[in-house]
Structure formats: C-alpha cells, structure tokens
Amino acid sequence: MPSTSPQAVTPPTTLSKTCARPFSPKLGSVPYYTGPLFDAHFHMPSSRGLAEMMSQKHGGETTSDPVLGKDVTLEEILCFFNKEEVKGAIGFYALDPTSLGDTLEVARNIKEESLGSIALFLMPITLDAEKLDSLHQSNAGLFKGYGELGFYDVWLKPLTPSDPKLFNIYKVAKKHGLIVMMHPDAGQKSNIETALQNNPGVNFLLHGFQAENYIADLIDRYPNVYFSIDSAVLYPMMGLFMSGPKEVFISRFEQEFDSMLSQNISKWKGTIERYPNRFMWGTDRGVKWHYNEEISILFEEFARAFIARLDLSVQENYAYKNAEGLLQKR
Ligand SMILES: [Zn+2]
C-alpha cells in the first residue's frame, strides 16, 4: 500500500475559503465518490516567451495552448483545484531555452505558491543528458519527473522509448530520483518493455490509448510501471476533448455521459481492482477552454461517478493515493 504523508491534505491557502464549491453534479448519475482527488496528468500552461516561440514555429497563428498569466493564472488553476477538491497534481511544464532563467523562476514560483501540491515534471526541450544533469544539479528538488514525453509528437516521432538517447535520459532520471512519464506511439510495446526491463531503478508513468490494451500485461510483469486512466482514454470523443469547441464538447459529453461511464467501467474496473496500486486518475487538461466553470463541473462529475463504481477498497487509491505514493518513491 502506498503511504500518504501527513501533510498531504488540502493546503491551507486563503484560496480554499474563497474558491470552495459544493459538489454540484448536473446529471444525477448516483452514486458519487466524495473524497479527495489528485490530478496525475495536468498540463501546466507555458510561459509567455515559450508560447510566442511555439506560435512563431506554427507560422504565427495562435495555438489553443494557454499562456500562464495571460489566459489563465496560477491562482485560477489553484482555485479550480480547490473547487474540485483536487489536492495535488502532476503538472507538465516546459522551459523556454531562450530565457531559461525566467522560466525556471516561474517553475520555482509554481512550486512555492502551490505549497508543493503541484509536482512539476519537466518537458525536456533537449535530449542532451549532460545539460539536463547539470540543470537538476543546480535546481535540486524543483522537478519530480520528466514528461510528458509524447512519442507520437513531431520531435520525438523519429525515436522510440528504447532509443539510446532516451536511455541516457533515464540514467539522469535515476540519478535524480525522477519519474519518467511517457505517452507511447502505436506499436511501441516492445520498446517500452526494453525500457522497463533495463531501468529497474526508474519508475515509468504511462498514459494514452496506444497502451490501453497492453498496460495490464506490462504491470503484471514489471514493478516499475504505472498508468493514468485519464481523459485520453476515458473520453477522447474522437479528438473533441482537445479540439472543442467548448459548447459542442459540453453537449456531446452530457448526451454520452452514461454510455461513456458504463463502457469505461466494463473496460477498466476489473483491471484497476486486480492491480490496486498501479492506476491513477487524471484529467489531461491543457487547452484554453478547459479552464471554465462548466467544464470543471463536468470533469469532476465524471471522475466522481466513475470512481464510485469501483470497489470501495480501491477508490481512494485510484483517486489520489497511488499518485501521492508514486511521488514519494525514489
Ligand atoms: Zn497529456
């Protein structure tokens, strides 16, 4: 059983008073789990500089990725967490290579302001192991892991999780006690297996539909692999989860709520219960319109309805304890 730290209760910020929201489900899909949550897959909005650089790369068009302090503030993020009773999160955060110092400063600020409840994972902008090693050396404890490493993504597409370049990164991860969060591309089961087998001192956290059919097999055979059952597999809705628009997403989500719930329960319930310490909840929030009151209510409602249908003995593990337990491992 993963242990929970005594201080891992909702941080006593002033926000918790101003941002509380009684759980207010819209769809009446009883029963609901009413305990705390931990978002194990959350994309931190990027800094202004990095967002501008990404938009230049995309020919100047504005992306749907939010900018921290412009489209959404840290205070608003923490406020949503308080409303949803999300006591912590794994937040993927990218550094801007052109103003490394500034973005590191923002990272320190996120850690401080969230009272450590947001565990930052570094989205590496380079696969230069030496550079990363020295970055962690001079910023000890700032990052808890690497990720998200999306192997379907343009820059990682030519590589696989068992590429020697990645193996060098796993060495750095081991040295600094970092978790490696990966989203494998299709057909990479054996590459992942090679990575798990040869890096027993590194814990790997996976997500994504590409791995959903084999994750139980890997979990069965390797002690160092975990999986977040988050929006990427719970309700991708043919890409609507990422593309929106918000109004279409909401109306489809409400219409399909019950069928998505029962499909996911028949797909995941048995597996979660068979491996009570290896699966965790998450949202995969990351685009602008995800920061919205209605969306927040729906995500929370689906999570609580799904968790309530798991065996009582695994509900808290999946909801928050497994994620907290993983973060405490070294
Ligand atoms: Zn993601």
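What you have here is a predicted model, where local features need pLDDT of at least 70, side-chain atom pairs count only at pLDDT 80 or more, and totals for chains, interfaces and linings use all residues. Residues are numbered from 1 along each chain as its sequence is written. Helices (H or I, at least four residues) and strands (E, at least two) are DSSP runs, numbered from the N terminus.

**The sheet**
- There are 8 strands in an open, parallel sheet, ordered β1-β2-β3-β4-β5-β6-β7-β8; two strands pair if DSSP finds at least two bridges between them.
- β1 (37–43) and β8 (279–281) sit at the edges with a single partner strand each, so one side of each has no neighbour in the sheet.
- From one strand to the next, the twist averages 25° (axes are lines fitted to C-alpha atoms, for helices over the stretch in contact, and angles run from 0 to 180 degrees between N-to-C directions).

- In β5, 5 of the 5 residues are buried, so the strand is largely enclosed by the rest of the structure. Buried means 20 or more other C-beta atoms lie within 10 Å of the residue's own, exposed means 12 or fewer, and partly exposed is in between, with C-beta atoms placed from the backbone.
- Both faces are covered: Ile-179, Met-181 and His-183 are buried on one side, Val-180 and Met-182 on the other. In a regular strand, side chains alternate between the two faces of the sheet.
- β4 (residues 145–150) pairs with β5 (residues 179–183) in the parallel sense over 4 bridges. Tyr-146 has Val-180 as its bridge partner, and Leu-149 has Met-182.
- The chain gets from β4 to β5 through α6, in a right-handed β-α-β crossover (with the strands pointing away from the viewer, the path from the first strand over the helix to the second runs clockwise).
- On to β6: 3 bridges join it to β5, and the two run parallel. Met-181 stands opposite Leu-205 in β6.
- The β-α-β crossover from β5 through α7 to β6 is right-handed.

**The helices**
- In α7 (residues 189–198), Ile-192, Ala-195 and Leu-196 are buried. Seen down the axis of α7, its buried residues fall within an arc of 95° (taken from the directions from the helix axis to the C-beta atoms), so they line one face of the helix.
- Those buried residues pack against α6 (164–176), β6 (204–206), α8 (215–221) and β7 (225–229); contact means C-beta atoms, placed from the backbone, lie within 7 Å.
- α4 (residues 100–113) lies across β2 (86–94) and β3 (118–123), running at about 160° to β3.

Note on methods:
Contact = placed C-beta atoms within 7 Å.
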